[in-house]
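Dear colleague,

A summary of the findings follows it.

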Amino acid sequence: MWILVLEIFIYVFQQQRHLFEKYQNPCSGAMGVITRKMTEGQSSLPRLPVPTLQETLKKYLKSVKPLVTDEEFRITEEIVNKFGAQNGLGEKLQSSLEERAKISENWLTDWWISTAYLDYRWPVVVWSSPGLVFPLQEFHTLDDQLNYASLVIAGALDYKIMVDEKTVPLDMMGKDPLDMSQYFKIFGTCRIPGVTRDSIAFHGQSDNPPTHIVVAHNNHFFKIDVYGKRRLPLNAGQIFSQLRNCVERSTHPGVPVGILTSQNRNAWGKNYKQLCKDKLNKASFEDIQRSIFLVCIDGPINKSSGCRANDAALQCIHGNGISGNAGNRWYDKTIQFIIGKKGEVGLTYEHSPAEGPPIANLMDHIVKYIGGSKQDYQLPAVELSKPKRLMFNIPSDMDYEIENSKSSLESLVQDLEMTCFTFTGFGKNYIKSQKLSPDSFIQMAIQLAFYRIHKEPGAQYESASTRKFLHGRTETIRSCSEESTHFAQKMLDPNANSTQKVMALKSAIEAHKKYALDAVNGRGVDRHLLGLKMIAIEQGMDIPKLFMDVSYLRSSHMRLSTSQVPAECEAFMCYGPLVPDGYGCCYNPRSDSIVFGTSALNSSPETHSTVFRKALEESLYDMRTVLIEDGLKAKL
Ligand code: COA
C-alpha cells in the first residue's frame, strides 16, 4: 500500500515539476521562446502554385545555356519552343497539372516522395541518407560513452515532449510561417523495404504511439521502454543503467543482420519479405520500425583518416563497413543516433520523411539540453522493465545475402571520400557587412571552386525550402547560371581588375538570389517540369522530347549537390555526391566561420574532395580579397 502512495506522490510531484520546468528552464523541451504556436495557421497555409508554362520554359532555357554548346542550345530552343507552342503538348500537360493542383492539398507531394525516395532503388547508405555530426566529444571510458548516450536520449525525449505538445517554435521565413508537419514525422517512423517500391510507416502520432527506443551494440538490438508506468520518461541515470545492461549482455559481436538494410532496395525488399515469413523476425522488425528512434553504441573506429571530423562523418554516413560499425545499424530507421567510442557523435537519418532543418533543430535542442542541468534533478520514472533482446532467425541461405551486403557496402566505403572542415576566414557577418546574401555568396564560391578545378561550369543543385506551402518540401535552385560562369571566368582572368571581378560577383549573387526567391515561392524549374513529365506518364504518353534532350540531361546531372543546413552549434550535415563524377557540399554558415561537409568518389579520377576543399577555401579568400581591394579603391 505504502508503495502505491509513494508512486502517487512521485507522479504528482513530477507533474508539478514538469509544469514548473516548462516555464523556467531554458533547456526544457517544453519551453523554447514560444513566439507563435507551432501549428498556428498551418491548415490555412497556401497551396503550392503551378507556375505558368512560359515562365518555366524561359527560366529553363536560361539555366541550361552555360552548360551546352551553341549548337546544342539551338536544338534545345527548337524543342522547347515546340513543346511550349500554342495548343501544343506542353499546354495540354499544363492544363492537366493545373486540374490536379485544384483538387489536391499539394500537387507534388506523392510524386516527389515516390520519385525522390520510395521508387529510388539504390542503397539509402551514401546515396540518400545524410549524416549530421554533432560537436565532437572526448570519451576515455565506456561510462563516458554511455553517459553521453543517456543524455542524448533524454534530450531527444525532451524534444519529443515539445513535438507532442506542439510547442516547438513555429519556423518562419521572413514573415511567412512554414509548414511544420515534418516535425511530426521524425519520431517513430521507419522506411519499409519493398521488392520494387518502398513505403513509410509512421507510428509516432498513431493512436498507439511507441514508448520504446531500440539500442544497437555489437550488432545486437535491444528494446528499451523509455517511459515508466506513469508515462513519464526515464531520467538520464536510469537510461544509463539500461544502456549498461544492454552492453553487458552483448560482449560478443552478433550476426550483422542490420547490414542487410544497406543493400540496394530491391535486394533488401526481397530478403525482408522472406525474413518476415518467420514470426520472430517479423516481431523484431516491428519493434525496430515502431521504436521512437534507434541509438547505436559503437565500437572503435577501425581505420582513422587522421581527422576526427571526417571520421565522425563516415561513422554517421556508412559506419566504415563491416569491420567498423556498419552491422550496428538499421539504415531504414528515420533517426539513428550514433555514439562513437572516443566521442565521434552524431546521427544519420533516412531522408524520405523530412529535410535537414527539423533534424538540425532536434540536434541543437539535444546539445543545449546536455549543456544544461535539467538532467541532474529529474526524478526517476517508476517501474522499469529490463531491456528486451530482439531475436532473429536467420536461415542459412541468408548468409550469402549478408556476405553480399558486406562486400557491396565495402565498395561504397572504399569509394566515398569525405573532407569536412571549418572555414575560419570569415562567416555570415562579414558577408552581410558587404550587403550581400551569405547563402548566395557561398553558392558562388562553390561554383568558382568547381570552375577552378574543371575549367568549365558544373550543374549545381541547391535545396530551397518550399515549406511556405502546405506540405511543402523542396525546390531546386539551379545555382549554375550565365552570371555565375562569367563571374568564375573573371575571377580566374589574370587581366581582370578587382572592380570588374566585384561587378561580376555582385551580378552572379543577384542572379542566384533571384532564382532562390523564385524557388522558395514555388516558382522553380525542376518540380514544375517533373509535374509535367509525371502527367505525361500517368496519361500513358511518351516522355516528351524535352526530357531526352542533351540540355535537360546535362543540366540535371548535378555535379554539385549542395545545401545549407544551419545549426546553432558547430555541427555539420554531410552526404555523398548525387552523381558518380560529382561532389557533395553541405554547409552550416555561422557568424564568423562556415562549417563544410564535402565529398567525392574515389572511383571518379576527376573529383577529389581534398582538392575541392582547397579550391573552395581559395575561392572564399579570393572573393574577400577583391571586395577589400575594390572597397579601398572606392575610398581613394
Ligand atoms: N545584405 C545584408 N544581409 C543580407 C543580405 C544582404 N544583401 N541578403 C541576405 N541577408 C541576410 C538575411 O536577412 C538573413 O539574415 P538573418 O541571419 O538575420 O536571418 C541572412 O543574411 C541569411 O540570408 P541568405 O544567406 O540570403 O539566405 P537564407 O538564410 O534565407 O537561405 C535558402 C536561403 C535558399 C538556403 C533558404 O531559404 C532555404 O530554403 N533553406 C532550406 C534549405 C534546406 O531545406 N536544406 C536542407 C536540405 S536536406
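For what follows, a salt bridge is a side-chain nitrogen of Lys or Arg within 4 Å of a carboxyl oxygen of Asp or Glu. Please bear in mind that this is a predicted model.

I begin with the domains. The protein chain is split into domain 1, covering 120-168 + 194-417, and domain 2, covering 424-522 + 556-635. Taken over C-alpha atoms, the centres of domain 1 and domain 2 are 33 Å apart.

The interface between them may be described as follows. On one side, 28 residues of domain 1 make contact with 27 residues of domain 2. The size of an interface is often given as the accessible area lost when the parts come together. For domain 1 and domain 2, the area buried between them is about 2,200 Å², with 57% of it on carbon and sulfur atoms.

By the rule stated above, 2 salt bridges cross the interface of domain 1 and domain 2. Side chains of opposite charge can pair when their charged atoms come close. E568 and K368 form a salt bridge through their side chains, at 3.3 Å from N to O. Polar contacts were also counted: 13 residue pairs are in polar contact across the interface of domain 1 and domain 2.

Which elements supply the side of domain 1 that touches domain 2? At least two residues each come from β1 (131-133), α10 (308-317), α11 (356-371), α13 (397-415) and β12 (416-423). Of the elements on this side of domain 1, α11 gives the most, with 7 residues. By residue class, the side of domain 1 that touches domain 2 consists of 18 nonpolar, 5 polar and 5 charged residues.

I turn next to the ligand. The ligand is surrounded by 22 residues, of which K432, S437, D439, S465 and K513 are the closest. In the side chain of S437, an N or O atom is 2.7 Å from an oxygen atom of the ligand. K513 likewise places a polar side-chain atom 2.7 Å from a ligand oxygen atom. P438 takes part through its backbone, where a polar atom is 3.4 Å from an oxygen atom of the ligand.

Finally, the whole structure holds 38 salt bridges. One of them joins R191 and E350, whose closest N and O atoms are 2.9 Å apart. This pair links distant parts of the chain, 159 residues apart: R191 belongs to strand β4 (residues 189-192), whereas E350 lies in the loop between β10 (345-349) and α11.

With kind regards

Technical notes. Residues numbered from 1 in each chain as written. Predicted model: local features only at pLDDT ≥ 70, side-chain atom pairs only at ≥ 80, totals over all residues. Heavy atoms only, no water. Domains from an automatic or database assignment. Contact = heavy atoms within 4.5 Å. Buried area = accessible area lost by both parts, 1.4 Å probe. Polar contact = N/O pair within 3.5 Å; in protein donor to acceptor, adjacent residues only side chain to side chain. Helix = DSSP H or I, 4+ residues; strand = E, 2+ residues; numbered from the N terminus. Nonpolar A, V, L, I, M, F, W, Y, C, P; charged D, E, K, R; others polar. Near = heavy atom within 4 Å.
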